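Please open the model in a viewer and keep the selection panel at hand.

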Amino acid sequence: MTHCPLSTKKQIHPRLGAIAFTRNARARRITVHIQADGLRVTLPPGVTEQQALRFVGEHEEEIAQKQAGLQVRRQAKLLMPGETPALHTRTFDVRVVVEERANIFFRLEEGTLSVYCPEGTDLTAPALQRKLWNGVTYFLRQEAHRVLPLRLHELATAHGFDYRGVKIQPSRTRWGSCSARRDINLSYYLMLVPPHLADYVMLHELCHTREMNHGARFWQLMDQVTGGRAKALRTELKAYTQALPVP
């Protein structure tokens, strides 16, 4: 699929921020990707930037409301100092500490990942937040490798499942997957959801070792291993996913 930028300059909307235009030869209509501080607008052949701006203007109120929601969620994902942990994971809490020092330093000790930042640092700066999240993610991944395979093995043993192997991956869009060869993949972001929901994901993938679809027999099996709560847990996981504190 071909996406071609229309120009190096962005249009600035007084309310919606910077608007970047992209042309897609296969697009059939104008599509708007809403960001917290701007828009990416894809144009089909024959549609001009001015036409797209009129389209955006017709939907300005709806777009502005969605941007406001994104801004709130982005603010909630900032790793900042405070009395409560900046982030809670399955095996450790993250606390940001500002002190007199020259650089950022991470230390995981007794269930707390302390993130030390130099005094005078703008902790809201996107570049700094990326550094903080990169460091947190490193420890999140290490802990996932330590905890999740063991828990998967416990669940498989308890319910009589057999799988070939497990890999821990950085997927943000899929909690897990199971191949036809019974290899299971788990996202290390499962460390950020409550343990009973992480168990649900692992049981879901274990059930796929017997039923490689989402038909009636699959959900019957899921109900067997979750005490009849399969669909309720699926709904809970979907709701939690929308609030996942990951940038």
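Helices here are DSSP runs of H or I of at least four residues, strands are runs of E of at least two, and both are numbered from the N terminus. The model is predicted: local features need pLDDT of at least 70, side-chain atom pairs count only at pLDDT 80 or more, and totals for chains, interfaces and linings use all residues. Residues are numbered from 1 along each chain as its sequence is written, and side-chain values use heavy atoms, with hydrogens and water left out.

Next, select helix 5 itself, residues 216–226, and colour F218, W219, L221, M222, V225 and T226, which are buried (under 20% relative accessible area; exposed is over 50% and partly exposed in between, with a 1.4 Å probe and protein chains only). Viewed down the axis of helix 5, these buried residues fall within an arc of 155°, so they line one face of the helix; the arc is that of the directions from the helix axis to the C-beta atoms. On the other side of helix 5, A216, R217 and Q224 are exposed.

Move to the open sheet of four strands, ordered 6-7-9-8 with mixed pairing; two strands pair if DSSP finds at least two bridges between them. Strand 6 (87–88) and strand 8 stand at the edges with a single partner strand each, so one side of each is left without a neighbour in the sheet. Strand 8 pairs with strand 9 in the antiparallel sense over five bridges, and F106 stands opposite V115 in strand 9.

Select E110 in the loop between strand 8 (105–109) and strand 9 (112–118). Although not a glycine, E110 has a positive phi of about 50°; E110 is exposed, with a relative accessible area of 79%.

Then select R182, in the loop between strand 11 and strand 12 (183–187). R182 is likewise not a glycine and has a positive phi of about 70°, but R182 is partly exposed, with a relative accessible area of 28%.

Which residues lie nearest the centre of the second largest pocket? They are W175, G176, H204, E205 and L237, among 19 lining residues. A pocket is an open set of points on a 1 Å grid over the protein atoms alone, where a 1.4 Å probe fits, with protein on both sides within 12 Å along at least five of seven lines; lining residues have an atom within 4 Å of a point. Strand 11 (176–178), helix 4 (195–207) and helix 6 (230–242) each supply at least two residues of this lining.
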